[in-house]
Amino acid sequence: MSSLPLEMIAEILCRLQAKELLCCRSVSKPWCALIDGPNFVKLHLKHSVDTSSNLYIILRTTSHVHYMSFDENLVLNDCVTLKELNHPLMCYNHGIKVLGSVNGLLCISNVVDDIAVWNPSIRKHRVVPFLPIELKRYFGTKSCSVYVFGFGYDSIRDDYKVVRIAQFGGGGKRSFESEVKVYSLRKQSWRRIGDMPYCVLYPGANGVFTNGALHWVVGENPESNVANIVVALDLGVEDYREVLQPEYKDKNCYIDLGILRGCLCFLANFLGQRVDVWIMKEYGVRESWTKLFSVAQGEVNGFLRSLKPLAYSKSGNEVLIEHDNLDLCWYDLKRKQIKNRIPGMPYSFEADAFVESLISVNPNRHLDGRTQDENEDMNMRDDFLSEGFKLVLIKFTRRNSRANIEKRRLST
């Protein structure tokens with residue numbers, strides 16, 4: 001394999017899982033440099049996204065975090081294996097919230113409001129500096145009524161960003177102010193951007209990222225008490241815009257957002273009746289909204305309060321959905337019905353999908369987070385391991401050769 005060009009080796013290696021690639025880094029210096037390089041990191045991510053491979057479901061309970069592979073066992077409804085995941089924000093309570101997920105990076109927070117950007121595939125994380133709310137500015141006139149987060153990718157600057165929107169009510173029914181701050185993973189600092197011109201009415205409803213923008217469901221003002229506008233924050237130009245909604249007749253519903261295979265989803269929740277799931281096949285084009293499926297009250301166990309689409313099956317004929325934080329179910333798009341439920345789930349949980357990747361949480365350093373001195377030490381170790389790897393190959397080849405000779409002798 002050493003005689004193959006690096007481009008061909010890259011095409012072969014990009015099909016491996018992250019943990020296997022981390023082991024391959026020890027084969028040789030060229031392999032290590034290849035796998036650590038930004039081009040290969042992007043190639044590996046693109047292959048995973050395009051082929052719907054290396055996909056995982058993370059399950060969060062009040063005190064634990066589990067994950068499971070999105071493999072054939074899940075599709076075939078066989079018994080799934082839940083593995084516990086140790087996250088980097090451990091405190092007296094092990095539970096976390098996922099504020100957002102993109103390209104294999106998770107933005108998480110714990111019960112004491114610590115925040116970190118974490119890549120569970122390579123077990124690296126970066127703690128986001130604490131950001132107090134500017135109470136002095138609003139002291140005596142307004143109080144912070146709600147704040148929400150979002151996490152996404154700015155492709156223009158090749159930067160991952162955490163967004164926090166804090167809104168302050170009081171001083172009149174229609175009066176509110178917002179404070180929007182953005183944390184840059186590349187610059188490792190917070191800064192303020194333009195205020196959100198809409199009112200956030202759902203605390204804890206974090207932004208949904210797709211097509212370079214974060215999306216929230218908002219209202220015109222606090223007095224309306226109705227969130228019926230979809231607003232997008234473009235992370236490249238850091239400006240707000242409204243997203244046109246699908247044409248649906250019955251407006252007496254709660255609106256929620258989701259994402260499926262990179263496409264924005266619009267969920268119209270008619271409490272106690274049904275949930276309609278729409279998908280925007282071409283971002284920004286209103287005519288591309290298509291009603292994907294609808295789940296009625298009688299199709300699920302218990303009361304239909306909420307629904308969250310997580311991922312397509314590899315065939316694209318089913319959608320994995322979370323129902324009321326109680327069940328994971330497959331919805332059959334051809335038969336237009338819930339196909340089956342995944343056994344072995346916790347009693348109550350929140351689910352998110354993420355793809356394995358090699359994306360670094362520190363864009364200004366190497367993939368593994370090492371400094372230059374540490375990489376020199378690693379190169380020395382790679383030299384040693386590379387020689388050991390060659391010896392193993394030589395022994396393996398000789399052993400196979402002796403076995404083949406013995407087989408030929410016995411056959412004659």
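1. Terms and model. A residue is called buried under 20% relative accessible area, exposed over 50% and partly exposed in between, using a 1.4 Å probe and protein chains only. At 55% relative accessibility, Thr81 therefore counts as exposed. This is a predicted model, in which local features need pLDDT of at least 70 and side-chain atom pairs count only at pLDDT 80 or more, while totals for chains, interfaces and linings use all residues. Residues are numbered from 1 along each chain as its sequence is written, and side-chain values use heavy atoms, with hydrogens and water left out.

2. Overall make-up. The protein has seven helices and 24 strands. Helices (H or I, at least four residues) and strands (E, at least two) are DSSP runs, numbered from the N terminus. Of the 412 residues in the protein, 48% are buried. Contact means heavy atoms within 4.5 Å. Take contacts between residues at least 6 apart in sequence: 49% of them join residues at least 24 apart.

3. Thr81. This residue sits in the loop between helix 5 (72-75) and strand 3 (83-84). Leaving aside neighbours within four places in sequence, Thr81 is in contact with Tyr67 and Met68.

4. The cores. A nonpolar core here is a set of buried Ala, Val, Leu, Ile, Met, Phe, Trp, Tyr and Cys residues joined through side-chain atoms within 4.5 Å. The largest has 69 residues, and Leu13, Phe40, Val163, Trp216 and Leu328 touch the most other members. Strand 8 (residues 143-154) gives the most to this core, with five residues. A second, separate core has 19 residues, including Cys265, Phe293, Leu304 and Ile338.

5. Leu328. What does Leu328 contact, leaving aside its neighbours within four places in sequence? Among its contacts are Leu59, Met68, Leu310, Ile342, Met345 and Phe349. Glu322, Asn340 and Arg341 are also included.

6. Helix 3. In helix 3 (residues 29-36), the buried residues are Trp31, Cys32, Leu34, Ile35 and Asp36. Ser28 caps the N-terminal end of this helix. A side-chain oxygen of Ser28 lies 3.3 Å from the backbone nitrogen of Trp31. For reference, a polar contact is a pair of N or O atoms within 3.5 Å; within protein, one must be able to donate a hydrogen and the other to accept it, and residues adjacent in sequence count only if both atoms are side-chain atoms.

7. Helix 4. The expected span of a helix is 1.5 Å times one less than its number of residues. For the 14 residues of helix 4 (residues 38-51), that gives 20 Å, and the end C-alpha atoms are 20 Å apart, which agrees. Phe40, Val41, His44, Leu45, His47 and Ser48 are buried. Seen down the axis, the buried residues of helix 4 fall within an arc of 160°, so they line one face. The arc is that of the directions from the helix axis to the C-beta atoms. An α-helix has 3.6 residues a turn, so residues three or four places apart point the same way. On the face turned away from the buried side are the exposed residues Pro38, Asn39, Lys46 and Asp50. The cover over the buried residues of helix 4 includes helix 1 (6-13), helix 2 (18-24), helix 3 and strand 24 (350-355).

8. Strand 1. Six of the six residues of strand 1 (residues 55-60) are buried, so the strand is largely enclosed by the rest of the structure. Leu55, Ile57 and Leu59 are on one side, with Tyr56, Ile58 and Arg60 on the other. Two strands pair if DSSP finds at least two bridges between them. Strand 1 runs antiparallel to strand 24, with six bridges, and Leu55 stands opposite Val355. Strand 1 also runs antiparallel to strand 2 (residues 65-69), with five bridges. A hairpin of four residues joins strand 1 to strand 2.

9. His66. This strand 2 residue is the bridge partner of Leu59. Is His66 buried or exposed? It is buried, at 16% relative accessible area.

10. Positive phi. Most residues other than glycine have a negative phi. Asp158 has a positive phi of about 50°, and Lys336 one of about 55°. Asp158 is partly exposed, at 30% relative accessible area, whereas Lys336 is exposed, at 63%.
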